[in-house]
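Here is a short briefing on one protein model. Please look at the sequence and the structure before reading on.

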Amino acid sequence: MSTRCPACFRDNFTVTGLSQHLAKSRNPHCRALYHQSHSQLHTSERQNEPDESTAPDPGGYGEGEPDESTAPEDEFPQWGQEQYDSSDGDGDEDDEPPVEEWEPPIEEQVEDVGMDTIEDLADEDEHRTHQDIQACVQGQCGCVVVPYLDPRAGQQITRCRAANAEYEAHLANEEENLYHPFASKMEWEVARWAKLRGLSSTALSDLLAIEGVSERLSLSFKNANELNAIVDHGLPTGRPKFKREQIVVAGEAFKFGECPKCDVDVDETGSNTAPFHLRNLTKVLDALAALDEGNLSFVCACLAAGIKPIVHPFWEDLPFTNIFHVITPDVLHQLYQGLIKHLLGWLSAACGAAEIDAQCRCLPPNHHIHLFSKGITCLSRISGTEHAQICCFLLGIVIGIRLPNNLNVGRLLRAVQGLLDFLYLAQYPCHSSKTLQLLDDALNLFHENKDIFVDLGIRSNFNLPKLHAARHYPAMIMMFGTMDNYNTEYTERLHIDFVKDAYRATNHKDEFVQMTRWLERKEKILRHDKYVNWRCAGVEETIPYHSCPPDMTFRRLQSVAKHPSAKAISIDKLVEDYGATYFREALARYITQLNHASNPIPLRSQTLDVLAQDVHFPFRTLPVFHKVKWLSVDARGHGDATATLDSVHARPQRSSGSGLRPRRSDTALVSIGGNPDVVSGGIEGVRVGQVRVIFSLPSKSVPLLFPPTVKVPTHFAYIEWFEPFASAPDRHHGLYKLLR
């Protein structure tokens with residue numbers, strides 16, 4: 001007996017074939033009917049579900065529909081794993097034996113299922129899925145769901161004038177003065193300049209005390225105190241007053257040298273293989289709760305838990321907080337201001353301060369390297385930025401240095417390489433299992449070779465908490481994401497705005513009150529500045545700026561100045577002043593090679609030299625450029641401003657106010673084939689060269705040197721090549737050694 005599909009009206013189905021057709025079909029009407037029938041089936045099953053006492057034997061079916069839990073897996077299509085069939089389910093189903101399955105309600109035929117019905121069914125499924133998940137979560141032991149009180153949570157913030165309108169209401173501006181409480185635009189501009197440009201109160205009062213200044217500027221205030229009164233009483237504040245509270249903690253939570261995240265022994269913090277277990281929050285809370293049992297029991301319980309006996313720490317009653325997970329990796333203080341600072345001291349003791357500083361003075365200038373002309377060992381109070389700049393060349397300056405007692409320098413180089421590799425791998429903006437394994441390998445490399453500092457008598461042990469903290473980095477990255485999410489460099493910048501600048505504005509006596517008052521006045525001026533700009537724009541809310549994630553593309557835009565740095569430089573000057581020794585020969589060979597580029601057989605080197613001798617230059621001087629830049633590309637159209645990512649300088653020796661500045665010829669990685677926009681992870685397709693001259697050919701000379709069919713570049717560079725890269729880097733330091 002054949003059955004007809006009530007959704008698509010195809011016939012000649014068996015009962016089994018119809019059910020498989022509805023489950024596998026791509027037809028939206030058939031899919032909607034399958035959803036409706038499936039939901040009705042489960043609803044009827046829940047309503048007719050028998051009690052436990054009358055439940056049938058698990059091995060057989062009860063009355064009504066068959067038990068799906070005992071049916072073979074291949075008889076029922078798994079929901080969420082749709083199995084599409086190219087024959088649309090109407091193939092050779094007649095050959096299959098009849099199998100008891102659910103049947104759609106034939107008596108309720110669906111004549112027409114529209115798209116609205118399909119969307120409604122999809123919404124119902126989504127709502128039902130959400131309810132099932134919520135019910136499952138609420139049913140878990142110890143899980144409490146607290147709904148947020150404000151129903152607007154999660155809604156999109158639309159552009160509105162509410163914030164500025166509310167600010168305007170607090171101004172009490174009855175005269176419709178755009179710059180109220182300031183009398184005029186001039187007065188507002190002077191007030192903003194005085195409060196935002198770091199001018200002291202005494203200097204402002206002295207300026208306004210000059211006869212005629214206040215009158216000429218039409219200012220209502222005559223000194224800094226009168227201006228402060230206008231700011232304090234005339235401008236509203238959107239924040240509460242600063243409140244000073246002192247928090248007293250009776251001692252530290254852990255002893256010096258202990259790890260706050262795990263139970264590793266203090267004497268094993270310098271080991272990379274010592275076993276440890278993360279601190280158990282439950283045991284710590286139980287130890288803190290032992291306070292009710294008496295002081296002695298409390299002290300003993302805290303000692304057993306590995307913490308100091310602190311009475312009721314602030315995090316004790318936080319229900320969903322593990323205080324030991326809060327301590328995240330810190331690139332600035334643990335690595336740059338910690339391990340790298342230690343490493344500089346160790347290297348200075350091992351290699352000698354004079355040798356380290358001499359190597360620093362020999363470094364050639366480069367766009368990515370900050371040169372320390374006086375060396376690095378004499379620096380004091382080195383900042384994190386300076387440590388980052390030193391790391392760029394630290395490994396290079398210790399290569400080739402001889403150690404005392406002829407100790408093997410290879411171990412020293414591998415230890416430095418391991419620590420620097422760990423530093424840079426830890427700051428990756430994107431991590432995978434492979435990069436985390438490389439992170440562990442870099443740390444292991446340092447630990448395997450760190451004993452060189454013991455042999456040199458510099459260290460007796462490496463029980464440094466910051467070194468041990470590096471072992472927790474991979475786990476913390478997997479738990480909280482990449483370390484740019486919790487980098488303390490962002491908040492460290494606020495020390496300048498909120499502490500240092502504010503302290504400099506005081507008389508250093510009772511500074512806290514003066515600092516908070518200075519900050520509050522500055523915030524008021526900044527807020528009023530936004531309001532004035534809003535009013536000047538015609539009371540129209542501007543589109544808020546949303547920061548975009550950084551573009552991960554490697555594309556670069558090459559940029560050269562529109563006009564040359566030197567308009568006419570003779571070839572003799574290029575040879576003598578720029579160091580382009582074989583400029584004539586190289587340019588003649590290039591012109592010959594470009595003119596014969598279309599030849600099916602490339603010219604041999606000897607033939608190329610012979611033909612190059614017949615090239616005559618129709619010019620005596622050339623325009624020369626002293627710099628070429630590579631700019632960032634806004635590939636995704638975010639409107640980001642271009643930034644200089646790299647640059648190459650090629651200029652002769654020149655005189656300056658302090659004397660002669662030496663010739664500069666930067667080295668660069670030059671792409672020698674393939675697509676320059678495609679950057680590989682290695683050194684394939686690139687070669688190191690020293691750029692001596694960047695020039696262009698006179699426009700009148702190009703037709704005399706090249707036929708019309710040849711595409712001539714706009715700019716050229718004379719480069720002296722280093723030897724090609726070796727097949728593998730040096731096994732001691734992982735870098736490539738190159739010779740000319």
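In what order do the 4 strands of the open sheet lie? The order is β1-β4-β5-β8, and the pairing is antiparallel. This is a predicted model: local features need pLDDT of at least 70, side-chain atom pairs count only at pLDDT 80 or more, and totals for chains, interfaces and linings use all residues. Residues are numbered from 1 along each chain as its sequence is written, and side-chain values use heavy atoms, with hydrogens and water left out.

**The sheet**

- Strands of a sheet pair through backbone hydrogen bonds, either parallel or antiparallel.
- Strands (E, at least two residues) and helices (H or I, at least four) are DSSP runs, numbered from the N terminus.
- Two strands pair if DSSP finds at least two bridges between them.
- β1 (556-560) and β8 (664-665) are the edge strands, and each pairs on one side only.
- Strand β4 (residues 627-632) and strand β5 (residues 644-651) run antiparallel and are joined by 5 bridges.
- Opposite K627 stands H649 in β5.

- Two packed helices are described by the angle between their axes and the distance between the axes.
- Axes are lines fitted to C-alpha atoms, for helices over the stretch in contact, and angles run from 0 to 180 degrees between N-to-C directions.
- Helix α16 (residues 409-426) and helix α17 (residues 433-449) have axes that come within 7 Å and cross at roughly 155°.
- That makes α16 roughly antiparallel to α17 (an angle over 145 degrees).
- Their crossing is left-handed (the near helix is turned anticlockwise from the far one by less than a right angle).
- Contact means heavy atoms within 4.5 Å; residues making it include R411, L419 and F422 of α16 and L438, L443 and F446 of α17.

**Helices α9 and α10**

- The axes of helix α9 (residues 281-289) and helix α10 (residues 295-305) come within 8 Å and cross at roughly 165°.
- α9 and α10 are therefore roughly antiparallel to each other.
- α9 passes α10 in a left-handed crossing.
- From α9, K283, V284, A287 and L288 meet F298, A301, C302 and A305 of α10.

**Aromatic pairs**

- The structure holds 16 aromatic pairs (rings of Phe, Tyr and Trp, its six-membered ring, with centres within 6.5 Å).
- One of them is F583 with Y718, at 6.0 Å centre to centre and 45° between the planes.
- This pair is tilted (planes under 30 degrees apart count as stacked, over 60 as edge-to-face and the rest as tilted).
- F583 in helix α25 (residues 583-595) and Y718 in strand β11 (residues 716-721) are 135 residues apart, so the pair links distant parts of the chain.

Methods: Angles under 35 degrees count as roughly parallel, over 145 as roughly antiparallel, 65 to 115 as roughly perpendicular and the rest as oblique.
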